[in-house]
Structures are given as structure tokens and as C-alpha cells.
Amino acid sequence: MTIGFSSRAARSTCVLCVAGLLTLMPAAAAARTEMPDPGGPRAAAAPQPSTLYRSGTQVRLRTGAPEVPDVSALSWVVADAGSGDVLAAHDAHRKLPPASTLKTLFALTVLPVLPGGIRHEVSADELSGIGPGSSLVGVVEGRTYRVSDLWNGVFLNSGNDAVHVLASLTGGWSATAARMQAEARALGARDTHVRSPDGYDAPGQVSSAYDLAVFGRAGLRNPDFARYCAKIDAMFPGRNGASYGIMNTNRLLTGEDGVEPYPGLIGIKNGYTSNAGNTLIAAARRDGRTLVVTVMNPQRGGGHAVYEEARSLLDWGFEAAGHVDPVGSLVTGGVRPRQGPQAVPATVTAARPSQDDPGWPETGAIMGVAGLGAAVMALALRLRPARGEGH
């Protein structure tokens, strides 16, 4: 555990030497400022350097701060979503497979270019290439879905089938992975390497607790993302015009399977593969403060340990706020770089539903698309790009 201390302030000196003269030059008066009046204002302490690239648990406890809980996860982060300050972390930049928590980056990349009111008929090609054992929401070939339905499938049911369809609408699988990679870099998330946009295990696909916290914080600033990730349940279109209920698989949000729901939880995303283990990005709000916690691959406690360890870290974060000094930041500083290659949606039909349709309009209902040079009209419209990759 690393305990941080402020760096030593540098002292300036002023030496005046004028040959044959004992009279001080005017600058000598300025030299007296190196001995400040004890009653006067003091300069602010220099910010402490980040320790997030160090191994082990990083925290800077002040007197009276609570001890960090015993957590078995290979990597974790506790951060203030408002300021971006990282309150504590363990191996924050360790590169690990993220499983479906990578869908947060997928949503950050694709949500802005696909209005929820668009309707699309799913083809067989769009459902090809889904990894065996994938979590599915039940997208059916030949069925027409609103994009908002598909996003419910992504956020609530972690449906890889829904991700495949949405990726096909924005240029294809490989193009979407490339845009996700550019989005991660633009957010300052440099540990993430995207190979499969749905988070399905793929050689070389990794992220980190730090990067996932960056994605979670960015997602909360997107109204559509924040709304989807906080949903507990929704209706999903089935065959023959029928619909069925789906429920969020984030048990810390829903309280399913014996996991007590966390008070003030506002989402975000859980994941699991046999290679990644259980992963989770969780955000909660209390007394005007919002915390983001990431937990990657707990080593003890079974399948629900990821939720209980997140609970412990959230409890600690709310109790410790104001009693610890940051060990780093989720904010890279400066103006956010321009994103990489932009999505050009495939052929879709935007039809205006009835006024009570919750899928219309959404943030981005009029969207900018690279190469078009004008906003997409939110009524009936078809966009026809060049053939995309990854179909």
C-alpha cells in the first residue's frame, strides 16, 4: 500500500553582487519573498503524482480515513465520477480480458450515430459469426426492430446478437472495432485493445480497470447511455408480433439471485467469460456524489463475489470521500481529441412512431454522419454507404 506525501517546495534565491557598492539593488526587496510572512497566504501544494502504474494497492489515507477493504479481484478502481479523481486502486493498468464490460465502449462509439427510432429488418448475414456460448437476447432473422429495442438487448441482456446487428448498421464488425479503438484512445484509455466489439474472448483483446472506469464515467455523461444502463427490465419483440420481458443481468441493480441491490446504484454493466472471469463496472450516487467502481476477476467467493466486492468498494469510497488524497485521475486533460473513422450507417429506415413511443426521439435523433456534410433528417430517410466490413 502506498502512502503519498506532498513534494518539497522549491526555494528560490536571489544573489546580488555589485562591485564596490554596498547599496542593495531594488531586486533585493523581491528576494525577501523567500521568507514569507507567517500570517500571509501560502502557495497551494503541488499536485501529487499519479501512482496508478505501480503494482499493488494505491491509496493516500489521511488521518481518520477508513481502511481499504480486503478485495480479491485481480484489478479494481474506485473513482469520483464528477472530478475524475481516483480514490484508490489495485493494479489499475493491469491488462485483462474485459468480457461484456467492453460493450460500454461499443455503446459510447455507436450510440451517437444510431437514433433509437430507426427501424431495421434483420438479415441472416447480420447474425452470422456469433461466438458459441454467447449471451443472446433473441434477435430473429426477418423481424423488424427499433434500434432502441436492440440497445435494450445490449444493456440488459448483454445480447451479442444485438451487438452484431448494430455493428452491421454502422459499417460492419471490423470497422466498428477500429472505431472503438479510436474512441478508447480519444478518451485516454490506452490499455484497451479491441478485437471483438461484443467483448467475446479473442486473442489480444484486453482492457484494464482504469480504462473501464473511464468508459463508465464517459457513459454517465451520455443521456442515452445513462438511461439504458439504469433500466431494470424492458419488453423485447419476439416472433409473430409478440413480446417478452427481459431483465438486467446486473444483479447489484436488480437484486436477483440473492444479491441485495445496492442503494443508489445507477447501473452500468457486468460481464463474464470463462477466460475473463466476472467483471463489473458499477456506479452509485449518494449525497450528491457519484462514484464509479470497476472490479475485474475476483479470485474467491464464487460468481457473485464481483457484486459483493463492488459493494465493499462503493461503501468505502463514500465513507472515505474527503479523507483521502487522489492517487491519480480518469481525466487526461486538454480538449478531447477528435474521434477516429466515423460510422456511416448501413441502409436503414427511420419511421416516426407514435408520440408515446419511448424510442423517439433520443439524444442524437438528428445525427452527424461523416461524408454527408449535413444532419440526417429525423423523418423517413435512407442512408446508403459503401459496402462495410465484417458482415
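Trainee: How are H3 and H7 oriented to each other in this predicted model: roughly parallel, roughly perpendicular or oblique?

Mentor: H3 spans residues 147-155 and H7 spans residues 223-230. They pack at an angle of about 60°, with their axes 9 Å apart. Roughly perpendicular runs from 65 to 115 degrees, and roughly parallel means under 35. The two helices are therefore oblique.

Trainee: Which residues meet where H3 packs on H7, and how many are charged?

Mentor: H3 brings Ser148, Trp151, Asn152 and Phe155. H7 brings Phe225, Tyr228 and Cys229. In this contact 5 residues are nonpolar and 2 are polar. The number charged is none.

Trainee: Where on H7 do its buried residues lie?

Mentor: Buried here means under 20% relative accessible area. In H7 that picks out Asp224, Phe225, Tyr228 and Cys229. Seen down the axis of H7, they fall within an arc of 120°, so they line one face of the helix.

Trainee: What covers the buried residues of H7?

Mentor: H3 is one of the covering elements. Strand E8 (265-273) is another. The cover also includes the helices H2 (103-110), H6 (209-220) and H8 (251-254).

Trainee: What percentage of the residues in the protein is buried?

Mentor: The protein has 9 helices and 13 strands. It counts 391 residues. The buried share is 51%.

Key
Residues numbered from 1 in each chain as written. Predicted model: local features only at pLDDT ≥ 70, side-chain atom pairs only at ≥ 80, totals over all residues. Heavy atoms only, no water. Axes fitted to C-alpha atoms, helices over the stretch in contact; angles between N-to-C directions. Helix = DSSP H or I, 4+ residues; strand = E, 2+ residues; numbered from the N terminus. Parallel < 35°, antiparallel > 145°, perpendicular 65-115°, else oblique. Contact = heavy atoms within 4.5 Å. Nonpolar A, V, L, I, M, F, W, Y, C, P; charged D, E, K, R; others polar. Buried < 20%, exposed > 50% of the residue type's maximum accessible area, 1.4 Å probe, protein only. Arc of directions from axis to C-beta.
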